[in-house]
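Subject: Structure handover

Hello,

Here is the structure I said I would pass on. Please open it alongside this email and follow the residues as they come up.

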Amino acid sequence: MKKLVNILLVLVMLFSIAVPAAAVTDDFVPSITDKGAPELVEQGTDENGQPIYGQVVDAEGNSVFTVGEGVIRITPLAELEELREIDVPAAEMLEYVFDFLQKNSYYFGKNTVVRDLFDVTVLSSELEEALAPKGQTITLRFNLHVAPETKLSVRSYKNDEWVDVVDVVNNGDGTVSVTFEDFCPVAFIVGDVQIAEEKGSCIWWIVIIAALLLIALLIFLLWRSKKNKKA
């Protein structure tokens with residue numbers, strides 16, 4: 001009997017450790033691995049009727065470059081392998097930050113969730129030059145289909161560290177305007193205290209139920225073993 005109890009305690013302990021750990025990974029991964037690239041929203045048209053997606057401005061707010069089509073590439077984590085075929089360094093960096101965030105799920109805070117993770121690469125040398133001087137920024141508008149009350153923070157990974165972007169504005173129409181100084185991997189982060197607590201509670205109920213089932217199973221096996229010996 002003592003041996004069975006010891007086995008039960010070990011099984012319960014292992015199960016209670018494994019289930020929450022798996023839950024952290026499962027909660028984190030689906031939130032970003034299956035999403036497509038966020039849509040860039042037009043911010044007007046130029047004199048030729050071509051879409052404008054943003055303006056690079058200097059410290060005084062003067063426009064120094066107009067962002068049109070084909071000068072920025074946005075690649076979501078779901079298209080990592082496709083990115084690897086055309087831009088190995090960008091793919092490796094995106095994969096690196098994903099692995100890092102998987103292993104450090106609470107890096108941005110215990111009650112935060114990485115909602116979107118994608119690579120932003122500048123394809124235009126003119127845009128690179130426009131963004132090079134310190135203080136020059138670009139504002140892009142992403143259609144994320146977020147509720148007006150959703151609060152987001154945005155970080156970009158540059159020079160081996162996550163840095164805050166210059167500004168983030170929820171426009172109230174599902175779109176979010178983000179002002180960048182630099183690009184590279186970009187993470188959209190939301191806090192979700194209530195859901196995080198509810199999921200944690202649910203996981204522990206699973207652990208408790210599983211432990212009770214294990215106890216019932218071992219009691220049944222012990223009872224049957226004694227019955228067979230008497231017979």
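The notes below go through a helix, the salt bridges, a surface patch and a few single residues.

This is a predicted model, in which local features need pLDDT of at least 70 and side-chain atom pairs count only at pLDDT 80 or more, while totals for chains, interfaces and linings use all residues. Residues are numbered from 1 along each chain as its sequence is written, and side-chain values use heavy atoms, with hydrogens and water left out.

Helix H4

Helices (H or I, at least four residues) and strands (E, at least two) are DSSP runs, numbered from the N terminus. H4 covers residues 88-103, which is 16 residues. From first C-alpha to last it reaches 22 Å, close to the 22 Å expected at 1.5 Å a residue; the expected span is 1.5 Å times one less than the number of residues.

Which residues of H4 are buried? They are Ala 90, Ala 91, Leu 94, Val 97, Phe 98 and Leu 101. They are on the same side of H4, because they cover an arc of only 135° around the axis. That arc is taken from the directions from the helix axis to the C-beta atoms. Buried means under 20% relative accessible area, exposed over 50%, and partly exposed in between (1.4 Å probe, protein chains only). Pro 89 and Lys 103 are exposed residues on the face turned away from the buried side of H4. At the start of H4, a side-chain oxygen of Asp 87 comes to within 3.2 Å of the backbone nitrogen of Ala 90.

Salt bridges

A salt bridge here is a side-chain nitrogen of Lys or Arg within 4 Å of a carboxyl oxygen of Asp or Glu. How many does a search of the whole structure find? It finds six.

One of them joins the side chains of Lys 35 and Asp 116, at 3.8 Å from N to O. This pair links distant parts of the chain, 81 residues apart: Lys 35 is in the loop between helix H2 (30-33) and strand S1 (39-40), and Asp 116 is in strand S5 (residues 112-122). Lys 35 counts as partly exposed, at 28% relative accessibility, whereas Asp 116 counts as buried, at 6%. Asp 116 also meets Arg 115 in a salt bridge, at 2.6 Å from N to O.

Another salt bridge is formed by Asp 164 and Arg 155, with the closest N and O atoms 2.5 Å apart. Asp 164 is exposed, at 55% relative accessible area, and Arg 155 is partly exposed, at 24%. Salt bridges that share partners join Lys 35, Arg 115 and Asp 116 into one network.

Surface patch

Ile 208, Leu 212, Ile 215 and Ile 219 make a nonpolar surface patch of about 360 Å². Patches are made of residues with over 30% relative accessible area and no salt bridge; like charges are joined within 9 Å, and nonpolar side chains (Val, Leu, Ile, Met, Phe, Trp, Tyr) within 5 Å. Ile 208 lies in helix H6 (residues 193-230) and is partly exposed, at 42%.

Two strand residues

Thr 121 lies in strand S5 and is buried, at 15% relative accessible area. Its side chain makes a polar contact with the side chain of Asp 119, at 2.6 Å. A polar contact is a pair of N or O atoms within 3.5 Å; within protein, one must be able to donate a hydrogen and the other to accept it, and residues adjacent in sequence count only if both atoms are side-chain atoms.

Ser 63 lies in strand S3 (residues 63-67) and is partly exposed, at 46%. The C-alpha atoms of Ser 63 and Ile 138 are separated by 9.5 Å, and the two residues are 75 residues apart along the chain.

Regards

Notes
Areas by Shrake-Rupley, 256 points an atom, 1.4 Å probe, with all protein chains shown as cover.
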